Amino acid sequence: MSARPEATSALARLQPALARLPGTRAWQQWRAATLAQLVADGLPTPRDDSWKYTNLRLLERRELATAAPRPLPSDVLQALPAAQGPRLVYVDGRFHSALSDSELPAGMSRTSHATLLDGPPPPEQSGPVDADLRLRSLNLCMAVDGARLLLAGGSAPARPLEIVHLHTGGGAYPRTRLELGAGAKLALIEYQLGVDPADAFVAAVTDIVLGPGATLTHTTVQLASDRAVLVDDTHVSVGRDARYSHRLVALGGQLARFDLRVDLDGAGAEADLRGLLFADGTREQHIRTLLDHRVPHCSSAQLYRGVAGGRGRGSYDGKVIVRAGAAKTSSRQSSRNLLLSKDAAIDTRPQLEINADDVKCAHGATTGTLDENMLFYLLTRGLDRQTARALLTYAFVGDVLKCIEPQALRQMIERRALGRLPAAETIREFIA
Amino acid sequence: MSNIQKGNSILEISGLKVNVQGKAILKGLDLTVRAGEVHAIMGPNGAGKSTLSQVLAGRPDYAVIAGHATYLGEDLLALAPEERARRGLFLGFQYPVEIPGVNNVYLLKAALNARRRHLGLQEVDAFEFLAIVKEKMVLMQMDESFLKRGVNEGFSGGEKKRNEILQMTVLEPTLAILDETDSGLDIDALKVVANGVNSLRADNRAIVLVTHYQRLLDHIVPDHVHVLAGGRILKSGDRGLALELERRGYDWVLEEANAE
Amino acid sequence: MSTTPQDLEDLVGQKYRHGFVTDIAADTVPPGLDEDVIRLISRKKGEPGFLLDWRLKSYRHWQTMREPHWGQLRYKPIDYQAISYYSAPKSNKDGPKSLADVDPKLLATYDKLGVPLHERARLAGVAVDAVFDSVSVATTFKERLSEAGVIFCPFSDAVREHPALIEQYLGTVVPPADNFYAALNSAVFTDGSFVYIPKGVRCPMELSTYFRINAANTGQFERTLIIADEGSHVSYLEGCTAPMRDENQLHAAVVELVALDNANIKYSTVQNWYPGDENGVGGIYNFVTKRGDCRGRNSRISWTQVETGSAITWKYPSCVLTGDGSVGEFYSVAVANHYQQADTGTKMIHVGRNTRSTIVSKGISAGHAQNTYRGLVKVLPSAEGARNYTQCDSLLMGDKCGAHTFPYVEVRNPTGMVEHEATTSRIGEDQLFYLLQRGLSHEDAVNMIVNGFCKSVFKELPMEFAVEAQNLLAVSLEGSVG
């Protein structure tokens with residue numbers, strides 16, 4: 001591929017920043033080589049199949065280097081509901097001890113990504129990097145901190161763990177690794193929160209490994225500021241009889257993309273993914289999922305709802321792969337999308353790649369306007385048109401919102417989502 | 001509503017012609033319904049029975065191409081669906097739509113208050129409303145879990161029909177049009193539904209039952225029976241007509257009409 | 001539907017019924033492609049200058065293009081210089097004049113294929129254009145059709161007899177630069193069918209073209225153009241077969257349909273090119289571009305395809321719904337057994353207001369085959385009130401095959417509604433058990449279920465061909481039932 005000057009320039013401008021990053025000499029060399037390769041490859045573009053619907057040219061004029069720490073407003077966490085459990089706060093990818101709780105859930109231990117920078121770097125990449133891996137590669141190049149968490153087998157803390165990622169402007173490279181031992185059980189709530197006016201670029205990477213029989217309920221609430229560009233790449237390995245649930249609520253950002261790859265690696269593994277993408281104004285919200293059924297007897301369910309208004313754009317690109325031999329696979333995928341204005345646009349690509357015969361796989365996708373029959377029913381009961389429309393719009397996203405736990409979090413999200421709808425006040429009490 | 005007297009005209013339809021997706025379904029229909037009356041409109045499948053119900057409720061994609069419908073002295077066809085509802089016209093749907101995520105009971109409260117606002121009455125608050133709806137739920141033999149569910153969400157066919165009648169008993173309409181309310185009901189459920197409907201029979205109200213079978217009329221005895229076929233009312237009579245239709249089918253009515 | 005139990009050996013014997021070779025003297029140009037070959041083809045066909053220029057321009061563009069590889073397909077590189085681009089029976093030298101003049105060997109060939117060319121034979125209600133390698137060898141019922149004003153003739157004849165229509169419409173739906181194979185076809189196409197239905201005419205009979213590849217080492221590059229003028233109706237069907245050979249042969253056709261105001265085109269395909277043997281040796285590479293333009297208001301184009309043959313199928317019969325209120329339909333059964341690979345689907349491009357489209361795709365994979373549905377539904381900002389419904393089902397028979405579904409849905413107008421549903425599964429154990437309990441053999445039970453699975457597509461086929469399609473399905477799945 002030829003170089004892409006528009007994207008390359010922003011990456012090339014990162015070069016001087018490398019010298020300021022901590023780590024051994026070997027790491028410094030690794031970073032220089034990796035960035036050089038990235039500059040040569042460029043950022044992914046819509047010409048790369050998996051980036052067909054996301055265009056990062058917005059980054060051309062952005063500063064991708066991480067800014068020096070600066071004082072934060074005292075009420076910086078006010079936008080969030082009260083902490084549901086121990087909270088770890090990272091500011092532009094760096095741990096912020098004053099805002100964080102020192103205590104961790106019982107059975108959990110934490111180290112920092114920073115400790116890895118004293119050891120050997122990963123092997124050097126030779127040749128071009130696959131488009132899907134470039135932002136991961138950029139993250140590893142720039143990350144200086146990040147939680148490495150281990151929940152010991154059998155532990156089941158009663159309260160959720162919260163990780164808050166604050167962006168203050170410039171580049172942020174949050175990096176999280178979470179491992180659950182056999183039978184461990186955890187609720188993880190992650191916030192992506194912008195501190196206005198943040199012209200931020202966030203490239204987050206999360207790696208999760210679930211041991212046999214482990215259960216993780218992972219909720220990601222994306223409240224980036226209106227000018228932020230956020231790309232989040234999460235990769236989960238689900239072990240035997242383990243269960244991974246993900247809830248995504250994407251409300252913020254100028255352009256936000258969530259890449260979620262889930263490997264069902266052990267028999268009996270389950271994944272349940274739900275997400276709400278809200279693209280109003282000139283916002284872009286993209287989700288890409290890859291569900292890889294690698295072994296028999298696994299099941300997966302996906303349920304995504306997209307709403308685009310104003311000049312907003314959204315996309316759902318979901319792929320389910322069933323590998324040869326992965327018999328007794330069950331997989332469901334649903335993507336429904338609502339366009340609220342004439343300049344809004346949503347693209348969907350629900351893909352199935354099936355290489356085993358003893359499977360039950362289905363997907364459904366719809367894009368369009370509100371259901372005429374539902375609207376008529378509400379009108380015949382005397383509701384006015386505006387209320388009926390608002391009500392149906394809210395009900396449309398209800399499938400995702402209703403399963404968000406705990407209640408305080410759900411209520412906060414409902415408030416925020418409702419606030420973006422026309423006639424919000426009139427429908428508050430209708431919600432089932 | 002209270003000033004409507006038995007025998008006052010509630011609905012007058014004349015020469016109504018309706019097209020659905022370019023196809024003529026109603027071809028000049030006349031019907032008069034007065035306060036205190038129960039009418040049954042019967043007819044073979046595809047006669048236009050459901051079209052009539054939907055048009056009276058204001059379904060937007062059904063095109064009225066000729067005729068009039070006057071409801072309580074007003075031009076019914078000029079009103080939006082929600083305006084018709086607030087003036088006391090209630091349609092019990094043949095296939096009530098499921099609306100997941102919209103709470104059943106809140107919808108009903110909003111519907112009741114929309115009607116009360118129109119009548120110049122004070123809106124009911126949540127406590128008053130709950131008292132009303134619980135009383136009606138006893139009548140309709142519905143359990144309280146219903147209160148928490150989405151509109152018709154995951155309801156069986158019979159539950160949906162009961163829910164329609166429950167809404168009707170709460171809203172106390174002036175004109176209730178019940179489209180095939182008996183279809184898909186077992187005999188016990190049919191009795192419950194009939195009880196609900198009968199509880200609303202009153203001198204200041206009219207009920208139009210649209211049905212394919214006679215059996216509902218064993219439980220809700222109509223004052224007038226009409227045969228709707230080929231987009232027109234071909235024959236009208238009393239209860240005896242329904243029994244005759246049960247015995248002889250619809251063909252003889254069609255033949256009679258053709259002979260004229 | 002036939003559910004007569006048959007001996008396995010019988011079935012194996014009739015695996016590919018059309019695999020014979022007709023021994024006939026042919027005029028075949030040596031393999032290779034350059035501008036001289038294109039000039040030779042054009043000269044042999046006595047074409048007007050504009051068409052030669054068009055071919056050469058296409059060829060030059062083709063040379064700048066790269067073979068597409070986004071399909072879910074694997075095959076060895078195609079050597080475009082090893083293919084002969086023109087082969088015609090010698091006896092057909094000046095083209096067929098009447099059926100009486102057609103070489104008896106050719107008539108016998110079509111008899112054997114089940115497409116008798118005598119006008120009073122089995123297909124009495126169907127007009128047939130028979131294309132043998134690079135040329136049309138016979139067209140039936142021409143007179144009866146011309147009485148109705150319908151033009152149905154070999155493409156080469158149309159070029160000479162109706163050059164104005166050709167110049168007006170050729171390449172307006174599939175431009176030469178559209179894709180690699182369309183460009184190649186535009187440069188080297190040899191024959192095909194041309195149909196023009198005048199204003200207000202309902203074509204009095206089914207039209208059909210039967211494509212036969214016979215000669216070795218040749219490719220077939222036909223071009224079909226159907227124009228339905230205002231208010232006209234036509235139903236057209238194509239069938240295709242080829243001998244069994246160990247080498248792969250290339251077939252790269254282009255089909256263009258134009259429907260003007262209130263016109264209605266129904267285009268059906270029963271594609272049974274030689275699929276290769278059970279080890280994946282030989283078979284046709286079928287790279288085809290088919291597109292219809294619903295140019296007029298309230299026009300309708302309906303594609304129905306039953307794809308059982310070819311080693312590789314790469315085709316996406318599409319509709320551009322330009323006219324307000326126009327309708328596009330795509331009904332497809334694609335069967336892939338042994339080592340066959342099919343990557344097929346459709347595009348529905350909604351441009352006009354209140355345009356509607358329906359897609360029903362049934363994919364069946366068996367053996368080591370790979371079967372992919374790939375589709376695009378695009379609603380442009382101008383397409384107020386557009387509607388699409390897509391149903392895409394895949395059936396897997398055996399654990400070595402694959403079934404893939406890649407739909408793209410792109411909506412740019414909020415008043416429309418696009419719905420896509422897909423399922424992938426194997427034959428239901430309970431269905432199978434039910435039929436076995438009623439005394440059916442395993443083979444017949446499977447056939448019955450598979451036919452039921454495909455029913456919503458078969459019912460769209462003209463009656464004459466629905467039965468043939470069902471039988472073809474049974475034969476294609478031969479040996480796939482464990």
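Author: The dialogue below goes from chain interfaces to helix packing and then to local backbone features. The model is a predicted one.

Reader: Which pair of chains shares the most contacts?

Author: Two pairs of chains are in contact, and of these, chains A and C share the most contacts. Chain B and chain C do not touch, and their nearest C-alpha atoms are 13 Å apart.

Reader: How is the size of an interface expressed, and what is the area buried between chain A and chain C?

Author: The accessible area lost when the parts come together is often given as the size of an interface. Between chain A and chain C, about 2,600 Å² is buried, and carbon and sulfur atoms give 48% of that area. On the residue level, 35 residues of chain A are in contact with 31 residues of chain C.

Reader: How many salt bridges does the rule find across the interface of chain A and chain C?

Author: The rule finds three salt bridges across the interface of chain A and chain C. One of them links A:Asp347 to C:Arg412, with the closest N and O atoms 3.0 Å apart.

Reader: What are the corresponding values for chain B and chain A?

Author: Chain B and chain A bury about 2,300 Å² between them, with 65% of it on carbon and sulfur atoms. In this interface 33 residues of chain B are in contact with 20 residues of chain A. The salt-bridge count between chain B and chain A is one. Its partners are B:Glu164 and A:Arg381, whose closest N and O atoms are 2.8 Å apart.

Reader: Let us turn to helices. At what angle do the axes of helix 5 and helix 6 of chain B cross?

Author: Two packed helices are described by the angle between their axes and the distance between the axes. Helix 5 (residues 157-171) and helix 6 (residues 187-199) of chain B have axes that come within 9 Å and cross at roughly 15°. Because of that angle, helix 5 of chain B is roughly parallel to helix 6 of chain B. Their crossing is left-handed.

Reader: Which residues of helix 5 of chain B meet those of helix 6 of chain B?

Author: From helix 5 of chain B come B:Arg162, B:Ile165, B:Met168 and B:Thr169, which meet B:Ala189, B:Val192, B:Val193, B:Gly196, B:Val197 and B:Ser199 in helix 6 of chain B. By class, this contact of helix 5 with helix 6 of chain B divides into six nonpolar, three polar and one charged.

Reader: What is the crossing angle for helix 5 and helix 6 of chain A?

Author: The axes of helix 5 (residues 372-380) and helix 6 (residues 385-401) of chain A cross at roughly 135° and come within 9 Å. The two helices of chain A, helix 5 and helix 6, are therefore oblique to each other. The crossing of helix 5 and helix 6 of chain A is right-handed. In helix 5 of chain A, the residues A:Met374, A:Leu375, A:Leu378 and A:Leu379 meet A:Arg385, A:Ala388, A:Arg389, A:Leu391 and A:Leu392 in helix 6 of chain A. The residues of this contact divide into seven nonpolar, no polar and two charged.

Reader: How do helix 9 and helix 10 of chain C cross?

Author: For helix 9 (residues 429-437) and helix 10 (residues 442-458) of chain C, the axes come within 9 Å and cross at roughly 130°. That angle makes helix 9 of chain C oblique to helix 10 of chain C. Their crossing is right-handed. C:Gln431, C:Leu432, C:Leu435 and C:Leu436 in helix 9 of chain C meet C:His442, C:Ala445, C:Val446, C:Met448 and C:Ile449 in helix 10 of chain C. This contact between helix 9 and helix 10 of chain C has seven nonpolar, two polar and no charged residues.

Reader: Now the backbone. Which residues does a cis peptide bond join in chain A?

Author: A:Glu405 and A:Pro406 are joined by a cis peptide bond, with omega about -15°. A:Pro406 lies in the loop between helix 6 and helix 7 (407-419) of chain A. A further backbone feature is found at A:His297, a residue other than glycine with a positive phi near 65°. A:His297 is placed in the loop between strand 15 (284-293) and strand 16 (299-308) of chain A.

Reader: Finally, where is C:Gln370 found, and which residues does C:Gln370 touch?

Author: C:Gln370 is found in strand 20 (residues 370-379) of chain C. Leaving aside residues up to four places away in sequence, C:Gln370 touches A:Asn355 as well as several residues of chain C, among them C:Ala336, C:Gln340 and C:His404. C:Gln370 and C:Asn337 are 33 residues apart in sequence, while their C-alpha atoms are 8.2 Å apart in space.

Note on methods: Residues are numbered from 1 along each chain as its sequence is written. Chains are lettered from A and ligands numbered from 1 in the order in which they are written. This is a predicted model: local features need pLDDT of at least 70, side-chain atom pairs count only at pLDDT 80 or more; totals for chains, interfaces and linings use all residues. Side-chain values use heavy atoms; hydrogens and water are left out. Axes are lines fitted to C-alpha atoms, for helices over the stretch in contact, and angles run from 0 to 180 degrees between N-to-C directions. Helices (H or I, at least four residues) and strands (E, at least two) are DSSP runs, numbered from the N terminus. Angles under 35 degrees count as roughly parallel, over 145 as roughly antiparallel, 65 to 115 as roughly perpendicular and the rest as oblique. A crossing is left-handed if the near helix is turned anticlockwise from the far one by less than a right angle, and right-handed if clockwise. Contact means heavy atoms within 4.5 Å. Ala, Val, Leu, Ile, Met, Phe, Trp, Tyr, Cys and Pro count as nonpolar, Asp, Glu, Lys and Arg as charged, and the others, Gly among them, as polar. Buried area is the accessible area (1.4 Å probe) that two parts lose on being put together, summed over both. A salt bridge is a side-chain nitrogen of Lys or Arg within 4 Å of a carboxyl oxygen of Asp or Glu.
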